Amino acid sequence: MSEEVFKKVVSHAKEYGFVFPSSEIYDGLGAVYDYGQNGVELKNNLRTYWWKAMVQMHENIVGIDAAIFMHPKVWKASGHIDGFSDPMIDNKDSKKRYRADQLIENQIAELQMQATAMVIQETGIDIHHEQMSAIFDEPNEKYKRFFEEHAKNPLTLKANNLQSRLDNALLNNDLAELKKIIEDEKIKCEVSKTSNWTEVRQFNLMFATEMGAMAEDADKVYLRPETAQGIFVNFLNVQKTGRMKIPFGIAQTGKAFRNEIIARQFIMRMREFEQMEMQFFIRPGTQKQWYEYWKEARIQWHNKLGFGKEKYRFHDHVKLAHYADAAVDIEFDFPFGFKEMEGIHSRTDFDLRNHQELSGKKMQYFDAELDENGKPYGNYVPYVIETSIGLDRLFLATLCACYKEEEVGEEDKKDTRVVLTLPSLLAPYKVAIFPLTKKDGLPEKARVIMDELKLEYNCFYEEKDAIGKRYRRQDALGTPFCITVDHDTLNDDTVTIRYRDTMQQERIPAAKIKEILREELDWKKLLG
Ligand code: ATP
């Protein structure tokens, strides 16, 4: 999928009430978006899918909903006050601000693309996007040769060299080296087209505000930059009141805020976004095993959505965050390339231990299980494996994977339809109900059918426009079923059911609608 199609996805999201720019009548607010009437349903359904898989399907995982505001010391303990920053650089001519590491990453991506184009030209082997699954599932001689050539290409070598310079600079927090790379590579600002750069500086991403009525004694508080800390500070509360035994998890979904230096690509990088996080508390020394377990569990969860295995890949972190001893991203093949959608981090006991030190409260667990010497493991600060996914990125991945333009119709009446092939359980509306005409008692009959269904399913009712037009509108929203009530319905109580993906229509007894919906909208399909 190209940038071109991405533009279509973005305008589709707006046109069909999925996502709007925030405060649009005032020309919007940078990197802040509102979810519209259909977007909120899709987002809720994605959240439900996550919650069911993580909480409902695991006896040893429970959920909480912590407040966005937290004691300021939380962010000292977590390391965010001192370390939650990105290296930024300004172009002196355009005054545009960039993330220094991303400028270099873009340069690396550019070199890799050029290398691919060069190898395609040299070998005549064209690696098209569509063929990726074939390449991975049955790598053959042709593709092997392509990759061998690619690995040897001078531009690939240059990209690799640049990548290791970047990794080293980030690892050593060497801001001067970042600047030097940008200079060496003659990277230019996309606006001014010049290389007139400032020094690279660190920029803290947390939003601060004040709590309390009197300005003089108001306390500085932060909008949480991640939901995880709400879980850590409640570790003892939940463990004790829930009588939780290690290993156990605490899950939470909610808003997080980051003053991102550059925010682009629609809802990919926002200043206010939603996270779905789970902290899994484990016995120290077992972190490798649980890290692998959650890596596998999470990729399976993604795969069940049916968007195609080739759309995902793991990316191991070279520069580990201040709290992690291992970390991997699950990346999704967005139209603008593979980008992080979820992070899985082995966080050691970093957070609980720091909270213990700063708060003076023991963040320990007594493990009564016996070790190999027959002695209880006793008291310890648990280690943690975290899974953290951005709901908005998942939403965007879902839209991109499901947006299709299809050629339909016969020779003389060819047409394109836009359809969102959403998994039925995620669709904003599960069923749309249409009386064929506005008279002869058809609307009344349609409403009787709708009243039967609306307790269980989100239903859409419409009596305007030709039926074909109404079907198309539902295709664009991703509604899996349309039910049409016509004059025959009044006589024999049958309706026409129309399926979104095949566009097939079938005459069925009205009494069978529920059965069909129940079968299709069974959570077993995603969770079984
Ligand atoms: P990135 O490298 O893209 O900035 P990150 O590594 O800082 O992301 P984490 O701190 O691991 O992200 O947060 C977990 C998840 O939260 C990410 O995988 C992503 O899906 C989501 N996320 C993080 N920042 C944003 C943002 N600004 N807008 C939308 N989602 C975000």
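The structure, which is a predicted model, holds 23 aromatic pairs.

**Aromatic pairs and a cluster**

- Phe248 and Phe281 form a tilted aromatic pair, at 5.3 Å centre to centre and with 35° between the planes.
- This pair links distant parts of the chain, since Phe248 belongs to strand 9 (residues 248–257) and Phe281 to strand 10 (residues 272–282), 33 residues apart.
- Phe248 is buried, with a relative accessible area of 0%, and Phe281 is likewise buried at 0%.
- The pair of Phe481 and Tyr499 is edge-to-face, because the ring centres are 5.8 Å apart and the planes stand at 75°.
- Phe481 lies in strand 21 (residues 481–485) and Tyr499 in strand 22 (residues 494–499), so the pair ties together parts 18 residues apart in sequence.
- Phe481 counts as buried at 4% relative accessibility, whereas Tyr499 is partly exposed at 21%.
- One aromatic cluster is formed by Phe6, Tyr312, Phe332, Phe334 and Phe336.

**Charges over rings**

- The charged end of Lys96 sits over the ring of Tyr98, 5.5 Å from its centre.
- Arg298 lies over the face of Trp301, at 4.2 Å from the ring centre.

**Nonpolar cores**

- The largest nonpolar core has 90 residues, of which Phe18, Trp294, Leu394, Phe395, Leu396 and Ile513 touch the most other members.
- Helix 14 (residues 391–402) gives the most to this core, with nine residues.
- Apart from this core lies another, of 21 residues, including Tyr98 and Trp197.

Notes: Residues are numbered from 1 along each chain as its sequence is written. This is a predicted model: local features need pLDDT of at least 70, side-chain atom pairs count only at pLDDT 80 or more; totals for chains, interfaces and linings use all residues. Side-chain values use heavy atoms; hydrogens and water are left out. A nonpolar core is a set of buried Ala, Val, Leu, Ile, Met, Phe, Trp, Tyr and Cys residues joined through side-chain atoms within 4.5 Å. Buried means under 20% relative accessible area, exposed over 50%, partly exposed in between (1.4 Å probe, protein chains only). Helices (H or I, at least four residues) and strands (E, at least two) are DSSP runs, numbered from the N terminus. Rings of Phe, Tyr and Trp (its six-membered ring) pair if their centres lie within 6.5 Å; planes under 30 degrees apart count as stacked, over 60 as edge-to-face and the rest as tilted. A charge sits over a ring if NZ of Lys or CZ of Arg is within 6 Å of the ring centre and within 35 degrees of the ring normal.
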